[in-house]
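Hello,

Here is the structure for you to look over. My notes follow below it.

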2 protein chains.
Amino acid sequence: MKKFILYALIKEDMVDEYVRLHENAWPEIYKVIAESNFHNYSISIRGNEVYTYYEYTGDDYDADTEKMNNNPIMKKWHVFTKPCFVRDENGKAYKPMKEIFFSP
Amino acid sequence: MKKFILYALIKEDMVDEYVRLHENAWPEIYKVIAESNFHNYSISIRGNEVYTYYEYTGDDYDADTEKMNNNPIMKKWHVFTKPCFVRDENGKAYKPMKEIFFSP
């Protein structure tokens, strides 16, 4: 298992939309995520700051990420969610955070 | 199990100290945390922003928190870690984040 902890900013005027979408995520989204070997996928928010945590349990991260993102339902989901993010000059929304302590 | 996701700010000039402490946490700290029913206790950092995640698996949160904080080793640990935090007018360092999405 490999864990990922990411930070992102939501556009101020898209925060409500982003929260509403995720609090009412389509049932298929949970299915696609789990079937692509992503688990304990958690998104938390404070103001317009978003903290995303997930665990990857498969053995080909790139292939599973591509599989998940090419799923027709996920593609539709991204039509709504992708415009919510503040992006840097390279179009990147997510910045990795560094885990400095873990106690099982 | 109840999960907690918290946000805090570290004083700019204490970030290195905070990271160094946690990357070299004393073995007893992990033991005290687990024995107090706190698990998957994870601290991540980006700049001076800290995200803390933990799960509580006991049935008396206040009593277990008190037990953990009154442990002599934890008290010593806090001598080093507590001064690292930016605090609000009430002395509070941690702000709760809201989990808006979870996919098992």
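**What was found**

The interface comes first: 100% of the interface residues of chain B are also interface residues in chain A, so the copies meet through the same surface. Contact here means that the C-beta atoms of two residues, placed from the backbone, lie within 7 Å.

A word on conventions. This is a predicted model, in which local features need pLDDT of at least 70, side-chain atom pairs count only at pLDDT 80 or more, and totals for chains, interfaces and linings use all residues. Residues are numbered from 1 along each chain as its sequence is written, while chains are lettered from A and ligands numbered from 1 in the order in which they are written.

Five strands form an open, antiparallel sheet in the order E5(A)-E2(B)-E3(B)-E1(B)-E4(B). Strands (E, at least two residues) and helices (H or I, at least four) are DSSP runs, numbered from the N terminus. Two strands pair if DSSP finds at least two bridges between them. At the edges stand E5 (98-103) of chain A and E4 (95-96) of chain B, each with a single partner strand, so one side of each has no neighbour in the sheet. E2 (residues 38-46) and E3 (residues 49-56) of chain B pair over seven bridges. Phe38(B) stands opposite Tyr56(B) in E3(B).

Then the core. The largest nonpolar core has 24 residues. Such a core is a set of buried Ala, Val, Leu, Ile, Met, Phe, Trp, Tyr and Cys residues joined through C-beta atoms within 7 Å. Val50(A), Tyr51(A), Val50(B) and Tyr51(B) have the most contacts inside it. Strands E1, E2 and E3 of both chain A and chain B each give two or more residues to this core. Val50(B) touches Ala8(B), Ile10(B), Ile43(B) and Ile45(B), not counting residues up to four places away in sequence.

One backbone detail to check. Asn40(A), in strand E2 of chain A, has a positive phi of about 50° although it is not a glycine. Asn40(A) is partly exposed, with 15 other C-beta atoms within 10 Å. On that scale, 20 or more is buried, 12 or fewer is exposed, and partly exposed lies in between, with C-beta atoms placed from the backbone.

Best wishes
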